[in-house]
Amino acid sequence: NIFIMASKVSRDHHRFTRAAGFAKHEESSGTNVTVDFRDGNKADLDMTSTITNLSLQFPATSGNFILVIKQDGSARTITNYYALDSGGRNANNDGGTAGDVRWGGGQEPSLSGGSNRRDIVSFYWDATDEVCYGSVSLNFF
């Protein structure tokens with residue numbers, strides 16, 4: 001559920017007079033996992049196994065999205081990150097490599113290992129060019 005208090009709405013812009021919050025949804029790991037950001041801007045992912053393919057499905061509008069990855073005590077990894085458009089197709093990536101998430105420095109992150117470690121992964125989804133930009137903050141405990 002999304003609760004918004006806007007004092008003025010004009011031409012697709014909102015000016016907030018109070019804080020806006022988003023409910024988060026929970027995801028569990030497996031070999032192939034899809035985090036559906038059409039359900040909300042915030043998600044938790046409990047890592048109980050290594051993930052080969054993590055797909056991030058985004059809405060038809062641009063926005064900022066947060067994924068908190070929680071380790072279960074082992075050094076679990078994610079091999080591939082993919083961006084999907086709202087219809088579930090590989091993102092166009094502005095004519096680049098279809099579906100790939102673009103990372104700062106061109107390098108996918110290495111997740112923190114160890115019991116109860118948390119990594120916060122932030123994504124900016126550009127719905128017009130179908131590009132997903134990712135950055136990570138590591139090793140919260």
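## Buried charges and a parallel sheet

At 14% relative accessibility, His25 counts as buried, where buried means under 20% relative accessible area, exposed over 50%, and partly exposed in between, with a 1.4 Å probe and protein chains only. The structure is a predicted model, in which local features need pLDDT of at least 70 and side-chain atom pairs count only at pLDDT 80 or more, while totals for chains, interfaces and linings use all residues. Residues are numbered from 1 along each chain as its sequence is written, and side-chain values use heavy atoms, with hydrogens and water left out.

- His25 is found in strand E5, which covers residues 24-28; helices (H or I, at least four residues) and strands (E, at least two) are DSSP runs numbered from the N terminus.
- Leaving aside neighbours within four places in sequence, His25 is in contact (heavy atoms within 4.5 Å) with Val35, Asp36, Phe37, Asp39, Gly40, Lys42, Ala43 and Asp44.
- A polar atom of the His25 side chain lies 3.2 Å from the backbone oxygen of Asp36.

**The open sheet**

- Strands of a sheet pair through backbone hydrogen bonds, either parallel or antiparallel.
- Here 3 strands form an open sheet in the order E6-E8-E10, and the pairing is parallel; two strands pair if DSSP finds at least two bridges between them.
- Strand E6 (32-36) and strand E10 (78-84) stand at the edges, and each has a single partner strand, so one side of each is left without a neighbour in the sheet.
- Neighbouring strands of this sheet are turned by 20° against each other on average, direction ignored, with axes being lines fitted to C-alpha atoms (for helices over the stretch in contact) and angles running from 0 to 180 degrees between N-to-C directions.
- E6 is joined by 5 bridges to strand E8 (residues 51-57), and these two strands run parallel.
- Asp36, whose backbone oxygen was described above with His25, has Gln57 in E8 as its bridge partner.

- Side chains of opposite charge can pair when their charged atoms come close.
- A salt bridge is a side-chain nitrogen of Lys or Arg within 4 Å of a carboxyl oxygen of Asp or Glu, and by this rule the count comes to 6 salt bridges.
- Lys70 lies in strand E9 (residues 63-72) and counts as buried, at 18% relative accessibility.
- Not counting residues up to four places away in sequence, Lys70 touches Glu26, Asp44, Leu45, Asp46, Met47, Arg117 and Arg118.
- The side chains of Asp44 and Lys70 meet in a salt bridge of 3.3 Å, N to O; Asp44 lies in strand E7 (residues 42-47) and Lys70 in strand E9, so the pair ties together parts that are 26 residues apart in sequence.
- Lys70 also forms a salt bridge with Asp46, the closest N and O atoms being 3.9 Å apart, and because Asp46 lies in strand E7, this pair ties together parts that are 24 residues apart in sequence.
- Asp44 is buried, with a relative accessible area of 3%, whereas Asp46 counts as partly exposed at 29% relative accessibility.
- Lys24, Asp44, Asp46 and Lys70 are linked in a network of salt bridges.
- Asp72, which is partly exposed with a relative accessible area of 36%, forms a salt bridge with Arg76, where the closest N and O atoms are 3.1 Å apart.

Notes: A polar contact is a pair of N or O atoms within 3.5 Å; within protein, one must be able to donate a hydrogen and the other to accept it, and residues adjacent in sequence count only if both atoms are side-chain atoms.
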